[in-house]
2 protein chains.
Amino acid sequence: MRVVHKYGGTSVGSLDRIRATAKLIQEDMARGNEVAVVVSAMSGETNRLIAMANEIDSKAPAREMDALVSTGEQVSAALLAIELNHLGVPAYSYSGSQAGFRTDSSHARARIKGVESEHLIRHMQAGEVPVVTGFQGSDEHGNITTLGRGGSDTSAVALAIAVNADVCNIYTDVNGIYTTDPRIVPQASKLQEISYEEMLEFASLGAKVLQTRSVELAMRFNIPIHLRSSFEGVAGTMVNGEDTGMERAEITGVAYNRDEAKVTIKGIPDQPGIAARIFGPVADADINVDVIVQNVSEHGLTDMTFTVPRNDYAATMALLEGLCTQMKAEKVTGDDTVAKVSIIGVGMRSHAGVARKMFDVLANENINIQMITTSEIKVTVVLEEKYVELAVHSLHSAFGLDAEEE
Amino acid sequence: MRVVHKYGGTSVGSLDRIRATAKLIQEDMARGNEVAVVVSAMSGETNRLIAMANEIDSKAPAREMDALVSTGEQVSAALLAIELNHLGVPAYSYSGSQAGFRTDSSHARARIKGVESEHLIRHMQAGEVPVVTGFQGSDEHGNITTLGRGGSDTSAVALAIAVNADVCNIYTDVNGIYTTDPRIVPQASKLQEISYEEMLEFASLGAKVLQTRSVELAMRFNIPIHLRSSFEGVAGTMVNGEDTGMERAEITGVAYNRDEAKVTIKGIPDQPGIAARIFGPVADADINVDVIVQNVSEHGLTDMTFTVPRNDYAATMALLEGLCTQMKAEKVTGDDTVAKVSIIGVGMRSHAGVARKMFDVLANENINIQMITTSEIKVTVVLEEKYVELAVHSLHSAFGLDAEEE
């Protein structure tokens with residue numbers, strides 16, 4: 001098998017951890033696999049570098065910031081290569097640029113255009129391990145670029161595609177994806193597999209185990225991602241296409257996100273273009289709007305309600321107060337103690353009545369639903385934050401996800 | 001004027017020092033000069049990186065060590081570029097590879113083959129400052145290489161040649177070259193200029209202000225080096241060709257080196273090839289032999305005496321004991337309390353009797369000369385270490401180098 005391993009900052013965060021990581025790679029080589037590795041910077045290093053730059057100028061040119069922070073991965077890649085050679089595994093470190101990661105010129109948030117990987121494949125075929133810096137590449141002029149925070153997962157998937165790997169192993173400090181947060185529901189169980197689409201829905205809800213971009217990329221090229229722990233030798237969760245034979249349960253998991261606030265602008269004259277007049281300025285302020293509900297118009301007036309990250313609540317309220325006057329709307333209200341709870345699963349495509357069952361479960365617990373939004377494989381409700389645990393518990397149980405006690 | 005500035009580790013060793021360094025560059029730009037900059041790693045950084053690698057493996061592959069330590073300069077180059085932009089001076093950091101430094105593949109001690117500098121020249125012509133990492137480049141396969149310790153001076157001179165600069169300013173923590181060590185002779189005075197050849201002789205005697213390689217390179221392409229302090233605004237010492245008009249004094253300066261030991265192998269059968277039989281094994285042991293004296297043969301036997309760095313004294317003695325038995329020589333003796341004192345100056349080419357005057361001065365002080373070696377512009381004697389101060393003092397004075405009191 002040809003395998004890409006990706007290790008995050010904690011897996012290379014100390015010399016001891018680098019040793020343990022090198023052992024995992026050595027073991028995989030011993031199984032006869034061809035291995036390429038993608039590493040993040042040692043944990044804390046990227047922040048250390050950014051702090052130095054910020055002390056000089058908090059608005060440093062993005063090109064220079066990329067040149068600066070890209071050194072973090074270069075250090076960990078070289079140290080891991082040194083340890084691998086020390087164990088007798090021939091290994092060569094490569095910066096993103098050297099590895100052949102070509103990106104556009106959008107510093108700090110570059111997109112990968114392609115990976116020139118012939119030399120990396122040659123290494124792998126020769127039983128050697130290329131150790132590639134994640135999170136970075138270079139543009140057509142040779143300028144160093146970075147992909148943005150968490151870009152290392154995306155680097156790993158892109159590399160897996162480029163070297164035509166069978167699987168991309170992403171090692172992290174969790175051992176897989178669970179049916180829900182085990183801190184809330186002790187009966188939550190680890191999923192053996194999950195589809196790309198489901199993973200995307202989980203990720204967008206704040207389960208930040210995998211970068212969304214990396215999952216999208218893996219989905220497009222159908223590269224399986226094996227999300228697993230770098231501390232435990234056991235299998236984690238395989239993220240792949242849906243078509244794996246087994247009948248699906250109604251839902252795969254229950255997710256939640258407390259990082260939510262809700263704002264409403266009431267009594268707006270209902271005219272074409274009002275959505276643009278509201279959400280234009282909000283987007284300009286770099287505020288991500290999530291769930292949006294527009295009330296049915298009454299007497300030519302309508303209400304618009306939407307959720308934003310809780311951190312942006314104050315800014316959003318201030319912005320809407322201004323718009324309210326401008327648009328001659330009635331008033332602005334808000335609530336920063338709301339949360340989202342979602343049920344997610346490709347199974348709901350073939351099971352009718354899943355949404356209705358969710359509403360029943362919540363109604364039985366006397367939980368008031370404030371907003372609803374649905375996609376093909378997800379139903380999300382916004383509710384008072386204090387109900388999160390209760391909602392997650394009862395949904396997990398009602399949909400038959402509680403692990404059986406042994 | 002087109003100028004290359006080179007700043008060592010202390011000049012970028014802290015954010016405060018980086019600010020001061022950026023100011024020096026800004027001032028030079030304000031004079032209408034075109035400026036390119038070469039920087040070392042922040043002081044201590046290279047050692048920190050090496051220590052991490054050594055903790056894993058003290059014999060780490062040279063390729064990986066180069067990839068690792070090259071990040072040190074990349075950090076300081078980016079930080080200096082950020083500070084320059086902050087001051088309103090447009091600046092762009094470049095790694096050695098990006099800057100176009102092409103080297104051979106001898107990791108840790110690569111030789112520069114050429115510098116592709118068109119893009120750097122374009123920056124300079126546009127009033128922008130390229131900030132280039134010293135000490136590094138890349139080979140024909142794109143592997144990162146380093147030039148060896150102190151290689152940043154060589155990078156700076158190579159860049160000055162490549163961009164056709166008028167002068168290479170090397171900023172350091174001393175303000176120039178002195179007629180001798182001011183700690184021994186308070187009357188020592190700063191030289192306004194010194195020839196490349198003289199600088200090479202000074203450098204080889206342990207006055208480690210400039211890398212020998214950088215001076216050799218500057219000499220070959222006739223690029224003046226202005227060695228000056230990054231703390232003082234005044235002119236330092238200009239290192240350049242000899243042909244600068246003024247009549248030369250007999251000598252330019254007096255240098256010394258205490259880091260010496262002397263060994264003698266006595267009563268060797270005087271046959272062709274004995275030098276090779278002695279110095280072959282010594283060279284194989286990586287010991288640098290300096291002054292060599294072979295006695296006139298007597299009864300078919302001869303003695304061979306030479307100096308080595310004091311650190312290598314024990315190893316050299318052990319090695320010679322073995323050879324003594326092998327070669328059926330009489331015995332081995334040694335002394336690790338010797339030192340070298342030299343008078344240096346291109347003026348001695350046109351002044352006869354300079355060596356003789358030196359011997360007279362030392363004789364008058366009752367200093368016994370143990371070995372003598374001469375070159376066209378240098379006379380070196382080996383003497384007991386305890387005489388160093390006396391010898392340097394009296395030579396400095398006798399050759400008229402003592403600064404006049406005002």
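The model is predicted. In it, 27 residues of chain B are in contact with 27 residues of chain A. A rotation of 180 degrees superposes chain B on chain A.

**The interface**

- Three elements of chain B each give at least two residues to the side that touches chain A: helix H2 (45–56), helix H3 (62–86) and strand S3 (91–94).
- H3(B) gives the most, with 14 residues.
- Sorted by class, this side of chain B has 15 nonpolar, 7 polar and 5 charged residues.

**The symmetry**

- The superposition of chain B on chain A has an RMSD of 0.1 Å, and the shift along the axis is 0.0 Å.
- The two copies are therefore related as by a two-fold rotation axis.
- B:Thr71 has the C-alpha nearest the axis in chain B, 2.7 Å from it.
- Both copies use the same surface: 100% of the contact residues of chain B recur in chain A.

**The nonpolar cores**

- The largest nonpolar core has 116 residues.
- Within this core, A:Val37, A:Leu80, A:Val131 and A:Leu159 touch the most other members.
- Helix H3 (residues 62–86) of chain A supplies the largest share of this core, 8 residues.
- Neighbours within four places in sequence aside, A:Leu80 is in contact with A:Val12, A:Ile18, A:Thr21, A:Ala22, A:Val37, A:Val39 and A:Val131.
- A second, separate core has 114 residues, among them B:Tyr178, B:Ala218, B:Ile344 and B:Val388.

Technical notes
Residues are numbered from 1 along each chain as its sequence is written. Chains are lettered from A and ligands numbered from 1 in the order in which they are written. This is a predicted model: local features need pLDDT of at least 70, side-chain atom pairs count only at pLDDT 80 or more; totals for chains, interfaces and linings use all residues. Two residues are in contact if their C-beta atoms, placed from the backbone, lie within 7 Å. Helices (H or I, at least four residues) and strands (E, at least two) are DSSP runs, numbered from the N terminus. Ala, Val, Leu, Ile, Met, Phe, Trp, Tyr, Cys and Pro count as nonpolar, Asp, Glu, Lys and Arg as charged, and the others, Gly among them, as polar. Copies are superposed by least squares on the C-alpha atoms of residues with pLDDT of at least 70 in both. A nonpolar core is a set of buried Ala, Val, Leu, Ile, Met, Phe, Trp, Tyr and Cys residues joined through C-beta atoms within 7 Å. A residue is buried if 20 or more other C-beta atoms lie within 10 Å of its own, exposed if 12 or fewer, and partly exposed in between; C-beta atoms are placed from the backbone.
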